[in-house]
Amino acid sequence: MGIARIFAENAIYQIASNFVLRLSSLFFVVFLAAVLSPEEFGTYAWIVGMALLAEGIANIGSIETMINFVSKAIAEKTQNAGSYFSYILKTKLLILAVVVLAMIVFSNQITSFLIQKPELS
């Protein structure tokens with residue numbers, strides 16, 4: 001099997017996976033919008049937005065860095081690929097934990113400052 005065929009199959013699987021994920025997410029959000037009140041759905045959207053913000057802050061290029069260092073180590077046939085992978089993964093998880101912990105600790109201040117609804121804090 002040629003490399004082009006493998007690449008094409010993997011691209012099709014990736015596109016199909018993304019399509020199914022986005023379609024199921026759409027159905028889930030429509031379901032929640034129908035079930036929840038407008039205020040509850042707004043709260044849900046706020047929480048999802050904060051979670052995505054935390055993930056974006058915690059990511060800070062770690063995936064690109066991992067791809068760069070691990071692929072170079074594999075191409076040069078060194079034994080550092082596993083070390084690079086584990087170090088970057090541990091660093092990313094540590095940053096994510098710190099960001100999530102900070103959001104939990106400061107949730108009252110974030111809510112009262114940005115939403116100005118003390119009953120949510």
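Select tyrosine 44 to start: this residue is partly exposed, with a relative accessible area of 25%. The value falls between the 20% limit for buried and the 50% limit for exposed, so the label is partly exposed. The model on screen is a predicted one.

**Around tyrosine 44**

The structure holds 3 aromatic pairs. In one of them, the ring centres of phenylalanine 28 and tyrosine 44 are 6.5 Å apart and the planes stand at 70 degrees, so this pair is edge-to-face. Phenylalanine 28 belongs to helix 1 and tyrosine 44 to helix 2 (residues 38-59), so the contact ties together parts that are 16 residues apart in sequence. For phenylalanine 28 the relative accessible area is 44%, and the residue is partly exposed.

With these three residues shown together, what do Phe28, Phe41 and Tyr44 form? They form one aromatic cluster.

**Along helix 1**

Stay on helix 1 and select phenylalanine 19; the helix covers residues 3-35. Is phenylalanine 19 buried or exposed? Its relative accessible area is 56%, and phenylalanine 19 is exposed.

Now extend the selection to Val20, Leu23, Leu26, Phe27 and Val30, and show the surface. Together with Phe19, these residues make a nonpolar surface patch of about 610 Å².

Then go to arginine 5 and glutamate 9. Side chains of opposite charge can pair when their charged atoms come close. Here arginine 5 forms a salt bridge with glutamate 9, and the closest N and O atoms are 3.4 Å apart. The cut-off for a salt bridge is 4 Å, and the count for the structure comes to 1 salt bridge. Arginine 5 is exposed, with a relative accessible area of 52%, whereas glutamate 9 counts as partly exposed at 28%.

**The loop at lysine 77**

Move to lysine 77. Where is lysine 77 found? This residue sits in the loop between helix 3 (62-75) and helix 4 (81-105). Check the backbone here: lysine 77 has a positive phi of about 55 degrees although it is not a glycine. Lysine 77 is exposed, with a relative accessible area of 70%.

Methods:
Residues are numbered from 1 along each chain as its sequence is written. This is a predicted model: local features need pLDDT of at least 70, side-chain atom pairs count only at pLDDT 80 or more; totals for chains, interfaces and linings use all residues. Side-chain values use heavy atoms; hydrogens and water are left out. Patches are made of residues with over 30% relative accessible area and no salt bridge: like charges are joined within 9 Å, nonpolar side chains (Val, Leu, Ile, Met, Phe, Trp, Tyr) within 5 Å. Accessible areas come from the Shrake-Rupley method with a 1.4 Å probe; for residues, only the protein chains shown count as cover. A salt bridge is a side-chain nitrogen of Lys or Arg within 4 Å of a carboxyl oxygen of Asp or Glu. Helices (H or I, at least four residues) and strands (E, at least two) are DSSP runs, numbered from the N terminus. Buried means under 20% relative accessible area, exposed over 50%, partly exposed in between (1.4 Å probe, protein chains only). Rings of Phe, Tyr and Trp (its six-membered ring) pair if their centres lie within 6.5 Å; planes under 30 degrees apart count as stacked, over 60 as edge-to-face and the rest as tilted.
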